[in-house]
Every structure is written in C-alpha cells, then in structure tokens.
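Please view the structure first, then read on.

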Amino acid sequence: MDNIAGTKSSLTWAVHISVVILVALWLFPTVGLFVSSFRTGDQIASSGWWKALSTQEAQMSPIRVAGEEAPGADGFLIEGTLVQGDTTVSAWGTSSREPEAYAPGETADLRDGQTLTVEADSTYVLTSPETTEGTRLPRVFLTASSPPEFTLGNYEEVLTSGTAGAGILQSFINTLTVSIPATIIPILVAAFAAYALAWMEFPGRALLIAAIVGLLVVPLQLALIPLLQFHNAIGIGKGYLGVWMAHTGFGLPLAIYLLRNYMVGLPRDIIENAKVDGASDFQIFVKIILPLSFPALASFAIFQFLWTWNDLLVALVFLGADDESLVLTGRLVNLLGSRGGEWEILATSAFISIAVPLVVFFAMQRYLVRGLLAGSVK
Amino acid sequence: MNPAVLGLITIILGVGGCVGYFWASNFVLDRFLFPASGPNAGRNINRANAIRPWLFLAPALLALGLYLAYPVVATFWLSLHDRAAGGNVFVGLDNYSQMLGEAKFREAIFNNMMWLIVVPAASTAFGLLAAQLTDRIGWGSLAKSLIFMPMAISFVGASVIWKLIYDARPEGTDQIGVLNAVVTFFGGEPQQWLTIQPWNNLMLMIVLIWIQTGFAMVILGAALRGIPEETVEAAILDGASPWQIFFKIKVPQIMPTIVVVWTTITLVVLKVFDIVLAMTNGQWETQVLANYMYDKLFRSFDWGVGSAAAMIIMLLVSPILVWNVYNARKEMR
C-alpha cells in the first residue's frame with residue numbers, strides 16, 4: 001500500500017492544477033460572452049474582454065472641439081472638456097497621422113495662429129486670434145485610460161428598443177411558446193407507451209422495442225420535406241401547431257426508451273400486489289407507476305426542454321423564418337449575418353438566449369445526469 | 001390568437017386529450033366490449049388484456065410512424081423523383097449522380113468524414129481525461145458541472161461565443177479575439193481563422209468538441225466509478241504505475257461505454273448543421289452534409305437532390321442503427 005500513498009503525494013498537485021486548467025479552458029469562452037454583454041460597444045471593439053477589469057488605455061475615436069467662444073487676452077478662447085467622466089489623457093494629437101504627438105499640458109500650434117492645449121483630465125483651451133465662427137474647429141485624437149466600467153445598457157437596448165435588438169423579446173416569447181408545449185405533450189404519450197412496453201405481455205413487444213431503439217437514431221433531416229408536405233396537406237401549414245407536433249414526434253423515441261428502461265426497473269412486487277388487490281392497468285399506471293417514475297419523467301423533460309429551446313432546424317422549417325415567428329436561435333443567426341461586428345448586441349442577445357437553459361441546467365443537473373446515464377450506459 | 005394563449009390551450013387539449021383518450025378507451029374496453037362479468041367473464045378478461053397494450057401504445061405508434069418511419073420512405077421516394085420537370089417525374093438515380101458530380105457535395109462528404117474522425121475522438125479523449133482527473137479531488141463535482149455546462153448551450157449560442165474567440169482585428173490594433181490576442185502576444189500576425197483552409201474546419205469542430213466533452217465525461221465518469229476496486233488494488237499490489245493502471249486496467253473495462261459514447265457523438269456529428277450555418281454557412285470549404293442538404297432543400301428548392309443528401313446521412317447512420325438494435329435485442333434476452 002506504500003504505492004498508493006506515494007502516488008497521492010506526488011500526483012495530487014498535478015491533478016489539481018490540470019483540473020484547474022481544464023475547467024478554465026472550458027469556462028473561458030462563456031465568461032467572455034458574459035463579460036462582453038456588460039461592456040459598451042466602444043469598449044468591446046477597442047480591447048479584449050479579459051482586460052475589462054483593469055484600467056484601460058486606448059485610443060479613442062476623434063472628438064471635434066466644440067463650445068462657446070469667449071473673448072480672451074489676444075483674440076478668442078474656447079474652453080471645455082473633451083470626455084466626461086473619469087478619464088486620464090496620456091497623449092493626444094490633432095491629426096490621424098500623429099494621434100499621439102503631444103503630452104498632456106503641451107500646447108499645439110495649429111493653422112491660422114490657433115493654439116490648443118489639452119490637459120490630463122481632458123479639459124482643453126483653444127485660442128484663436130480671429131473669431132472661429134463659421135470655421136471647422138480642429139479634431140482631437142485622445143489616447144486615454146479610463147477605469148473599468150460595466151453597463152446594463154446593452155440589455156436595456158436589446159430588450160426594449162425594437163431596432164437594435166431587432167425583436168429579441170418577441171423571439172424570446174416565440175421560443176418559450178415553442179418549447180413548453182413541445183416538452184409537456186410527448187411525456188404523457190410516451191409514458192403510457194413505455195408502461196405497455198415494460199409491464200404488459202403481448203406478441204411483438206420485443207420487436208417494437210427494437211424498432212424504437214432504431215428510430216432513436218433516425219436523423220430528423222429526413223423528415224423535413226415529407227412532413228412539411230403533410231402539414232400543408234392537412235391545412236396547418238407553417239405554425240406553432242406544426243412545430244409542437246414535429247417536436248413531439250422527434251422526441252418520442254428517446255422518451256419511450258428512457259421511461260421504459262426506468263419502469264422495467266421498478267419493483268415487480270408492488271405491481272403484482274396491486275393487481276392481486278384488483279387494480280386495473282389504468283389504475284396501476286396512474287396511481288403507482290407515474291408517481292414512482294418521477295425522476296425519469298423529470299430527466300426526459302429537461303432533455304426535451306433543452307433540445308426544443310436550443311433547436312434551430314425544426315423551428316426554421318416548421319415555423320418559418322419571417323420576422324414575427326423567428327425563434328431565438330434563428331434570430332441569432334440573422335444577427336450574426338447582419339450585425340456581425342456589433343458585439344454588444346450579439347453578445348447580449350446570445351446571453352439572453354442561453355440564460356434560460358443554463359438556469360435549468362444548474363437547477364436540475366442531477367436529473368439530467370441520471371437521464372444521460374439511463375440512456376447510454378447499459 | 002396570441003400564440004402564448006394558443007400554446008396554453010394546446011397544452012390543456014393535448015394533456016387532457018391524452019388522459020381522456022386513455023381513460024375513455026379503457027373504460028369502453030372494460031365496461032362495454034369485454035366486461036369482466038357475466039357468463040364469459042374469464043374469456044373477456046383475457047381478450048381485454050390482449051387489446052389493452054395496443055390502446056396504451058396507439059398514440060405513440062401513430063406519432064412515431066407518421067413523424068419518423070413514414071418520412072424515411074417518403075424521402076427515399078422524393079430522392080428518386082424530380083420536381084422541377086413539371087410534377088414529380090421518376091428519374092431513377094439521376095439525383096444521386098448529379099449530386100456526386102457536384103464539387104460542393106464532395107467537399108461536404110470529405111469534411112463530414114474529418115468531423116467523424118476528429119470530434120468523437122477528441123471529445124471522448126478529453127471526456128475520459130476530465131472524468132479521471134475530477135474523480136479523486138474534493139471539488140471534482142463542481143469542476144464536472146462547469147465542464148458539463150456547454151451541454152446546455154445551443155449550437156448557435158456556442159457559435160456566437162466562439163466567433164468572439166476567433167475574431168480578428170487589423171494588425172496593430174488591440175485584438176478582441178482571444179486566439180489572435182495570444183498570437184500577437186507572441187509576435188505573430190492576426191489571422192482570419194475562419195477563412196484559412198483547411199484549418200477553419202478544425203475551428204468549427206472545436207466548438208462541437210467543447211460542447212460534447214461534458215457529455216463524454218459524465219458517462220465515462222460513471223463507468224469509471226463502476227470498475228471493481230479489486231482489479232485496481234490487485235494491479236497496485238503488482239506494482240503497476242498509474243499510467244498502466246489507467247490504460248491497461250481501467251480503459252479496457254469501460255470499453256463498452258467508450259463505444260456507446262463514441263457512437264452517440266458520431267450521431268450528433270452526422271447531424272451537425274447549426275454550427276456551420278451560423279459560423280461560415282459552408283463558405284471557405286467548410287460545407288458539411290446537413291448544411292448542404294438544407295441549402296438544397298430550402299435555398300435552391302431542389303427537393304430531389306436535397307432528399308438524396310438526406311438519404312446519404314441516413315445511410316451513414318444505419319450501421320449505428322443496426323448495431324444499437326442488435327445490442328438492445330441481445331440485452332433483452
């Protein structure tokens with residue numbers, strides 16, 4: 001046993017460090033999105049999100065001097081502040097070729113005898129021998145450091161303004177409308193079938209179970225056109241009813257498979273005792289099997305909810321891609337195309353779309369793991 | 001009508017309808033068709049019990065047949081017909097030969113094969129590593145749930161997350177994508193990662209590996225825990241090194257589970273569509289089968305070729321289907 005002790009002392013640190021690295025690698029991408037969703041568009045575009053907590057030095061977009069002109073010692077004066085808030089200027093300039101030509105406090109000589117002085121706190125003084133009225137005032141390029149700043153503005157913009165988020169809120173409601181019925185309806189249908197396959201004797205049962213295992217892997221890609229034709233033929237066309245039915249159909253094999261595997265494991269005594277006492281199959285199912293199968297029902301419900309919430313293909317095909325019926329995933333794909341550069345909008349919208357599954361995931365992880373194990377490990 | 005209200009009504013109708021159907025059909029069976037009383041009570045009970053399973057199964061079988069079994073046949077039929085030539089004309093295997101002649105299809109097949117090799121292998125390897133490492137440490141369950149978390153994120157959401165990582169800015173400015181930031185930190189030039197062939201395919205695969213590793217870890221972790229202690233102890237007593245214990249004692253014992261994980265991820269890979277659509281849409285030679293099929297079906301409205309592509313996906317899935325069914329039957333005996 002010497003060996004075990006030796007192994008532990010030498011390897012424990014290595015294990016801890018490796019796990020830290022692994023977890024950091026896996027967490028890093030999501031944290032990036034999360035942090036970015038609280039930064040302004042300028043911040044995201046000018047520095048990496050991992051610098052969000054440190055004071056940042058960045059070159060700002062040019063600011064044109066503007067202000068009321070006042071008569072001064074020799075000519076005219078304009079005074080003011082270029083940037084509001086807690087910024088410290090480290091260098092500045094007046095042309096895009098030399099944006100860091102001057103240090104704070106230095107005075108630049110401009111054309112027509114004008115001079116400009118910018119201080120570290122971004123206050124400036126512009127002097128001019130002639131009146132500046134009607135002329136274009138100079139632009140100032142600032143390199144400034146500003147303290148970390150986080151904002152809820154992105155969320156406000158995405159959720160409330162129609163144009164910026166382009167209907168994220170509407171899509172959120174659409175996704176919710178798709179996923180909740182699509183989660184609830186298959187459960188009951190599957191539970192009855194699973195009970196029949198687990199506890200009733202009838203010819204062809206083994207064959208049916210094999211068929212369901214087979215259907216488990218049929219790609220739903222095959223179903224798109226035939227079912228769209230079918231939906232059009234029976235008159236429901238593209239709409240919520242079609243999506244719900246499609247999700248129900250596609251979710252059933254897993255539901256039946258999971259629930260049957262679970263129900264088979266329930267103690268035979270309970271069921272046989274109930275039968276001896278004169279309970280019918282229907283009563284046994286409703287009063288004994290359903291309550292006992294709660295863990296399996298919960299795990300399937302989580303699977304199906306995550307799957308329907310995150311689905312893109314089924315919603316695109318059976319619900320449509322027009323503005324009013326787009327689900328969150330579809331909206332995100334559109335945003336990636338049309339606003340690929342506006343990371344504040346993208347990051348915020350993406351985070352809104354993944355927030356609900358993440359909450360469900362962390363709240364119900366136990367059931368999810370149990371379901372996975374029941375479905376895969378044999 | 002407001003869709004939310006419609007949804008609520010559908011839930012009530014759906015659930016109520018289901019319960020109502022099961023209750024009513026049982027009631028009719030037991031009371032009127034074959035009542036368990038009277039002169040034929042015994043025979044009636046047997047008859048009712050022979051019919052009842054089918055009552056329980058009927059809605060599920062109907063839905064399965066209509067939404068999964070029928071489409072396989074219908075898609076096969078569509079793939080042999082051409083819609084363009086005025087109605088559906090039987091064209092035999094023309095759609096398939098037309099598809100095989102397309103460069104984009106061959107690219108999709110080749111890329112899919114790469115996905116099939118890289119993603120299951122990498123996810124399983126990382127999952128095994130994570131499972132083994134987190135098994136013995138105090139905060140292992142926290143670490144597990146953090147690595148598992150990407151499972152809950154949609155493929156599209158993950159694409160947005162990773163696009164931020166691959167983001168590229170012009171040289172000289174601050175990079176906001178981590179990958180380019182690292183590259184420029186070590187003195188390299190920023191790259192447009194998603195346009196560099198053939199490595200852009202790998203960039204897309206990484207997204208799926210990131211998502212699937214947690215799944216592999218959870219399943220393999222449970223399998224590792226199920227290994228009998230004695231085998232490991234015996235190996236230790238015989239002086240096996242940790243590496244030998246892992247690769248020669250533990251891995252062989254969980255091999256069946258590794259196969260299950262591998263095939264499950266393979267199925268996900270074959271259907272991968274969202275990631276490619278959201279990140280490159282098949283440009284820069286990153287096309288895959290599922291996205292090719294979507295292109296054909298819903299952008300060029302070529303149902304024949306699109307269905308043929310879907311049949312290819314089905315063909316690739318079928319070995320796994322057969323294997324799964326074979327195993328399920330073996331287990332039931």
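## The interface

Two residues are in contact when they have heavy atoms within 4.5 Å of each other. By this rule, 108 residues of chain A touch 103 residues of chain B. This is a predicted model, in which local features need pLDDT of at least 70 and side-chain atom pairs count only at pLDDT 80 or more, while totals for chains, interfaces and linings use all residues. Residues are numbered from 1 along each chain as its sequence is written, chains are lettered from A in the order in which they are written, and side-chain values use heavy atoms, without hydrogens and water.

The buried area (accessible area, 1.4 Å probe, lost when two parts are put together, summed over both) is about 9500 Å² between chain A and chain B, with 82% from carbon and sulfur atoms. In chain A, the residues that lose the most area to chain B are A:Trp26, A:Leu222 and A:Trp343, together 8% of what that side buries.

## Salt bridges

A salt bridge is a side-chain nitrogen of Lys or Arg within 4 Å of a carboxyl oxygen of Asp or Glu.

Another joins B:Lys104 and B:Glu107 at 3.3 Å, N to O. B:Lys104 is partly exposed at 33% relative accessible area, whereas B:Glu107 is buried at 15% (buried is under 20%, exposed over 50%, partly exposed in between; 1.4 Å probe, protein chains only).
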